[in-house]
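Subject: Structure handover

Hi,

Here is the structure I promised to pass on. Have a look at it first, and then read on for my notes on what turned up.

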Amino acid sequence: MNELIYTGMKRRKKEIRYVVLVTLITTFFMSGILMFQNILNAYILEKNRDSYGDWIFSSDKGDLAHGYLIEKGSLSTSIMTCKEDGKGVLFQVGCISDELLSFSRIGLYEGRFPENGNEIVTDLRTLQKMGLSYEIGQEITIYWEASGEGEDKDIRSKTYTLTGTMKPFNQQWYQGQYVKYPDLVVTQEELESFGKELRTSWFYRMDPTLTKVDTDLFYKEFYEAIQKAKKTDPKNQPKLNYNGYVYNYTLWGNSGVGLVTVMMICLSVFAVSFVLSSYADGRRAAYYRLRTLGCSRMKLNGIIFRECGLAAFPAAALGLVLAYLFGWLGCLVIAKSVSLHGFFAFDLTVFLLQLAAVFGSILLAILLTILRMRDKRLSAETRALSPRDLKKLRKALPKLDTPEQEFFKRRRILTRRSLLLTAAFTLIVASFLVMCGVSIYHAIRNYRETQEEPDYVLSFEDPGMLQFSYSFYSDDGTLLTQANGEPLVTNKQRSGHNPYYGPSDEDLEYLRSITGIREFRGRIRDEWHLVTWDGIDDWKGIARDYYATEDGTLYRNRVTKIQAFIVIVPDEAFLRELAEDYGVPLTKEQLRTVMNGEAVFMMYNAENTSDFGYQGPSDMIPEEEPVDDTDTMTLKEGDLIHVMSATSGNELAIPVIPVPKKDLFLFKYYYTVTMGLDITLFVSEGVAEQLRQLEEPVPEFRENHFNLWFNGFSSFEATDKILASYMSNVQRGDYYNYAENKRIYIQSYTVRPLIVYGSLFLMTFFVYLIISRNLIEARALRSAESYERIRRIGMTKRNWRLLLLKSELVENLPVLAGFFTGLLYPFFSTYIHWMKETNAKTNSIILKEMTSDPLLISFEQVVFRSGILYMALMILLLYALMVFFGYRTSLNILEREERI
């Protein structure tokens with residue numbers, strides 16, 4: 001029997017190679033997907049540990065113990081430095097234990113940590129604020145208050161040698177911790193020599209081999225214990241901080257990826273089942289002969305099982321081994337390239353799941369094949385048509401007028417089951433490709449939008465900056481009091497950028513010449529104006545405070561002026577794209593009006609207006625009941641607003657085009673528009689010049705806010721040092737580094753989707769082509785059988801080719817249908833998300849206003865934000881490819897049959 005099986009397989013080497021290839025690829029991909037989840041999570045966990053420290057939580061208690069915790073280290077702080085005259089509080093001085101240094105991943109740009117009492121280490125930003133360079137070996141003098149108050153302060157100083165510049169862990173680790181991380185690091189002995197009480201925080205490391213720990217639950221156990229300790233001993237309040245940056249951030253695990261995984265496993269099962277069934281179909285005549293020669297049903301099932309198993313099981317085992325081999329090698333290469341520890345993760349549970357999915361799908365496919373090879377199916381091979389099909393043909397053919405109708409009717413009757421299965425398979429694959437394509441499009445779009453944001457922001461402020469503050473008064477000028485009799489005084493202060501202060505022309509030339517900078521964009525940033533209009537106090541978009549006096553009278557603050565953020569528009573294109581981003585495209589007339597200085601374009605915070613600046617105190621007016629603070633903007637297009645100078649009090653009246661805004665930040669070309677204030681005015685250069693004339697004396701506008709894009713992450717360190725060195729010489733200059741935030745965002749919203757959905761897309765497409773090849777050849781053979789019969793009744797070869805082309809156009813229609821079914825997933829996933837976000841709103845492109853309607857938001861997400869044109873083009877190309885492939889295959893088989 002074994003010899004019979006081996007002989008049959010040798011005679012069908014081509015079919016066996018086909019089964020092995022498809023099984024190998026689908027198994028490799030299926031097992032790789034299941035393994036990929038753990039590898040990616042292990043990678044990002046290791047990456048997070050490298051960025052934010054290999055510790056799970058910190059506490060002011062050094063006696064916490066648990067089986068999961070394997071190591072602990074401490075960080076202590078003591079004095080705060082001050083200026084030479086004793087004024088101001090500048091930097092925190094502290095030390096880091098050797099144990100914490102060993103696992104915290106606190107890195108150095110260059111140099112080493114201090115080893116004796118005369119050495120010190122700090123980060124680049126602290127050196128910049130101290131007005132120092134980054135040269136290792138330079139001397140740093142710090143001042144601190146030893147004792148005393150007022151004029152009797154004992155101010156001491158000491159000079160240290162800088163031995164290294166460390167990476168800014170004190171910024172990256174910040175999550176609202178109770179302990180202040182040190183800016184200046186000295187040795188433990190040196191810190192104790194200051195004679196001040198040490199404030200120590202202990203950091204605990206979790207066993208890195210534990211991969212299935214619910215870290216949220218683990219942290220919660222300690223947190224609840226600490227809360228109980230607070231109740232029993234209120235004076236002794238231990239604190240605990242969880243390193244959520246590391247343990248609450250994963251690249252995989254959402255429901256969408258899980259659904260994609262399930263669909264891919266189902267697709268792989270279908271692929272293996274199909275190729276095994278196709279192989280068995282080719283052996284059906286041989287199986288029939290064996291049954292007629294007396295082979296029992298049990299023995300025949302054993303033959304089918306062994307033939308299919310010998311072809312599929314070894315290929316599946318090889319695919320599983322290759323998946324782990326490539327996963328392990330890939331982890332090694334990536335870890336070495338990004339200087340990480342090895343992060344390959346082997347999970348026995350996942351491995352068993354892979355075995356069950358891989359070999360279970362093959363076993364299921366073989367069992368389905370055995371069921372298809374039942375005796376009734378085998379005996380059907382002895383006659384050309386079944387009685388049922390013959391009856392349908394005799395009933396239908398006399399009613400047909402053309403050979404073309406006869407061709408399609410005969411195909412539908414004789415291959416109806418095959419046509420349905422092929423159509424379903426094609427529809428599923430096309431839908432899956434569209435789903436992956438949408439995710440890939442989102443990843444590329446996120447990357448492009450992120451690249452538009454600056455890596456670095458320089459900001460220059462006026463040394464004599466104004467501060468806006470206010471208190472609450474009644475109508476008669478009496479200071480209001482709270483219920484307990486205390487005066488009601490609110491000291492909210494705001495300060496902003498002066499549009500008349502910034503770097504010199506020589507400085508600008510120097511900044512633009514720095515090698516590491518790829519692009520340098522500057523603009524004028526103006527926050528020194530107040531805005532008012534008739535009826536401003538009726539605008540409920542402002543968050544108001546309500547206070548009750550002793551007699552129970554309720555008062556609310558009267559709003560008369562709001563601090564404004566003014567942006568000078570460079571050109572009409574900027575204004576048009578800005579408005580389109582908010583779903584409120586301006587008309588040509590409105591654009592002309594704004595650019596000519598006849599009106600200003602105003603965006604306002606519709607719902608969360610909170611901090612507003614005043615020139616002088618505001619007053620309180622009686623109120624029957626607190627009003628509902630929702631947007632009831634009283635301004636209409638064409639109404640006048642009054643823009644006042646915060647320094648001179650002069651004002652300018654100008655028509656306005658008001659539009660509610662939706663985002664806190666907007667990065668756009670030459671401008672970074674900070675949406676933190678209530679009102680943002682976009683004005684032409686002409687209006688800006690009129691605003692400048694309000695000042696006394698009349699100053700000159702200066703660029704004072706700059707966005708910078710680096711050549712790449714490789715140039716970050718050197719460029720950061722140059723920029724910080726320059727900014728250290730600016731009296732009121734500051735800079736912000738967004739490079740690390742961009743890197744994390746790209747890693748999460750670009751790299752992961754491209755890896756996951758890109759591999760899914762390519763492998764699905766490859767498997768589809770392999771299976772389609774077999775389907776197309778079977779369809780072409782059936783067409784060749786029909787050609788001779790139809791040719792005898794008058795069909796020319798030219799018409800036959802047209803008929804084949806039409807047939808392929810019809811057969812591949814499920815590809816086009818997959819375009820619509822593939823968009824159902826992003827639609828329903830968005831719909832479910834917004835159904836949960838009951839209070840959330842977003843801007844509607846269709847309505848041109850804020851909405852929370854989940855149906856409308858989901859529709860707009862699919863139509864306007866999912867690359868629907870690109871998906872349509874992809875499906876059309878796939879449709880054309882399959883039509884052409886099927887047409888050429890049919891012609892080639894026809895020519896081959898004619899030669900035979």
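A residue counts as buried when its relative accessible area is under 20%, as exposed when that area is over 50%, and as partly exposed in between. Keep in mind that this is a predicted model.

Glutamate 811 belongs to helix 23, which covers residues 797–811. Arginine 779 sits 32 residues away along the chain, with 9.8 Å between the two C-alpha atoms.

**Cavities**

Both of those residues turn up again in the cavity search. How many cavities of 30 Å³ or more does the structure hold? There are three. Sorted by class, the lining of the largest cavity comes to four nonpolar, four polar and two charged residues.

The second largest cavity has a volume of about 40 Å³. Around this second cavity you'll find Pro499, Ile524, Asp526, Ile566, Ile568, Ala688, Leu691 and Phe701. Strand 17 (562–568) and helix 20 are the elements that give two or more residues to that lining. The class count for the second largest cavity is seven nonpolar, no polar and one charged.

Most residues other than glycine have a negative phi, and most peptide bonds are trans.

Proline 697 falls in the loop that runs between helix 20 (685–693) and strand 25 (705–710).

The other is arginine 105, a residue other than glycine with a positive phi, near 65°. Arginine 105 is in the loop between helix 3 (98–104) and strand 4 (108–111). Is arginine 105 buried or partly exposed? Its relative accessible area is 23%, so arginine 105 is partly exposed.

**Salt bridges**

Side chains of opposite charge can pair when their charged atoms come close. In this model I have 17 salt bridges for you.

- Arginine 521 and glutamate 519 are bridged at 2.6 Å, N to O. Arginine 521 is buried, because its relative accessibility is 15%, while glutamate 519 is partly exposed at 29%.
- Arginine 156 pairs with aspartate 154, and their closest N and O atoms are 3.1 Å apart. With 45% relative accessibility, arginine 156 is partly exposed; aspartate 154, at 25%, is partly exposed too.
- Glutamate 115 is bridged to arginine 112, with 3.8 Å between the closest N and O atoms. Glutamate 115 is exposed, since its relative accessible area is 61%, and arginine 112 is partly exposed at 34%.

Some of the bridges share partners: Arg49, Asp54, Glu71, Arg105 and Arg205 are joined that way into one network. So the positive-phi residue comes back here, because Arg105 has a positive phi, is partly exposed and is part of this network.

**Surface**

Leu325, Phe326, Trp328, Leu329 and Leu332 make up a nonpolar surface patch of about 480 Å². Leucine 325, one of the residues in that patch, is found in helix 11, residues 297–337. Leucine 325 is partly exposed, because its relative accessible area is 39%.

Cheers

Conventions
Residues numbered from 1 in each chain as written. Predicted model: local features only at pLDDT ≥ 70, side-chain atom pairs only at ≥ 80, totals over all residues. Heavy atoms only, no water. Helix = DSSP H or I, 4+ residues; strand = E, 2+ residues; numbered from the N terminus. Buried < 20%, exposed > 50% of the residue type's maximum accessible area, 1.4 Å probe, protein only. 1 Å grid on protein atoms, 1.4 Å probe; cavity = no way out; pocket = protein on both sides within 12 Å on 5 of 7 lines; lining within 4 Å. Points joined across faces, edges and corners; volume = space filled by probe spheres on them. Nonpolar A, V, L, I, M, F, W, Y, C, P; charged D, E, K, R; others polar. Patch = residues over 30% accessible without salt bridge, like charges linked within 9 Å, V, L, I, M, F, W, Y side chains within 5 Å. Areas by Shrake-Rupley, 256 points an atom, 1.4 Å probe, with all protein chains shown as cover. Salt bridge = Lys/Arg side-chain N within 4 Å of Asp/Glu carboxyl O.
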